[in-house]
Amino acid sequence: MKSEPDECSIDDALAAPKATVPWTGVRNYQARNFMRDAMQVGDGVLFYHSSCPEPGIAGLARVASGTRPDPTQFDPTSPYHDPKSPADNPRWLLLDVQALRKTRLISLAELRAHPALADMRVLQKGSRLSITPVEAAEWGYITEVLLQGD
């Protein structure tokens, strides 16, 4: 799950009550559908910093809730306001993410340097989604090989 560190960094998430933050602002249907259809409470999350000088995995987290309507879609003062989203059938959802720990930054360049991760969706050309699935083998490689001893 990608977050801009200026908006919510791994440090911000760890400092939040119960280290849990609502994952607001998802405004892509495919990313929303990954959250809604594929993510379950307890699933692991690679907390990824994006739109910053050095993007990459900055921490580990877990899904802490099921999905619910994202209130920012109804807030005209929010940059995520969607005036076309009906209150009785909201377009946009959020779920809560609980930060577990900060890790050393694993940059895109480092991820790309490992053949075992060559098929990761976040590494594919044109991949700009804020939420992408991570296969079990990729999760294992990152947590057991790249973060070994971290």
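Which residues is I57 in contact with, leaving aside its neighbours within four places in sequence? The answer is given in point 4, after the basis of the model and its overall layout.

1. Basis. This is a predicted model, in which local features need pLDDT of at least 70 and side-chain atom pairs count only at pLDDT 80 or more, while totals for chains, interfaces and linings use all residues. Residues are numbered from 1 along each chain as its sequence is written, and side-chain values use heavy atoms, with hydrogens and water left out.

2. Secondary structure and overall dimensions. The protein has four helices and seven strands, where helices (H or I, at least four residues) and strands (E, at least two) are DSSP runs numbered from the N terminus. Their order along the sequence is β-α-β-α-β-β-β-β-β-α-α. The radius of gyration is 15 Å, close to the 15 Å that the globule rule gives for 150 residues, so the protein is as compact as a globular protein of that length. The radius is taken over C-alpha atoms, and the globule rule is 2.2 Å times the number of residues to the power 0.38. Along its principal axes, the C-alpha trace spans about 45 × 35 × 30 Å.

3. Of the 150 residues, 42% count as buried; buried means under 20% relative accessible area, exposed over 50%, and partly exposed in between (1.4 Å probe, protein chains only). Among contacts with a separation of 6 or more, 70% come from residues 24 or more positions apart, a contact being heavy atoms within 4.5 Å. The protein exposes about 8,100 Å², of which carbon and sulfur atoms supply 50%; these areas come from the Shrake-Rupley method with a 1.4 Å probe, and for residues only the protein chains shown count as cover. The mean positions of the 16 positive and 19 negative charges are 3 Å apart. Lys and Arg count as positive and Asp and Glu as negative, without His and the chain ends, and each charge is placed at NZ of Lys, CZ of Arg, CG of Asp or CD of Glu.

4. Strand β4. I57 lies in strand β4 and is buried, at 2% relative accessibility. Beyond its neighbours within four places in sequence, I57 is in contact with L46, F47, Y48, T103, R104, L105, I106, L111 and I142. I57 and M1 are 56 residues apart in sequence, with their C-alpha atoms 9.2 Å apart in space. V63 also belongs to strand β4, and its relative accessible area of 0% makes V63 buried. Not counting residues up to four places away in sequence, V63 touches M39, Q40, V41, G42, D43, V45, L95 and D96.

5. Helix α4. In helix α4 (residues 136-146), the buried residues are E138, G140, I142 and L146. The cover over these buried residues includes β3, β4, β7 (96-107) and α3 (108-112). In the loop between α3 and α4 lies G126, which counts as exposed at 66% relative accessibility.

6. Backbone points to check. Most residues other than glycine have a negative phi, and most peptide bonds are trans. K18 has a positive phi of about 55° although it is not a glycine; K18 is in the loop between α1 (10-15) and β2 (20-22) and is exposed at 73% relative accessibility. S51, likewise not a glycine, has a positive phi of about 50°. S51 lies in the loop between β3 (44-49) and β4 (56-63) and is exposed at 59% relative accessibility.

7. R91. The loop between β5 (68-69) and β6 (93-94) holds R91, which is partly exposed at 27% relative accessibility. With residues up to four places away in sequence left out, R91 touches Y29, R32, Q73, D82, K84 and S85. R91 and Y29 are 62 residues apart along the chain, and their C-alpha atoms are separated by 8.5 Å.

8. Cysteines. A disulfide is a pair of cysteine sulfur atoms within 2.5 Å, and by this rule the count is zero. C8 itself is buried, with a relative accessible area of 15%.
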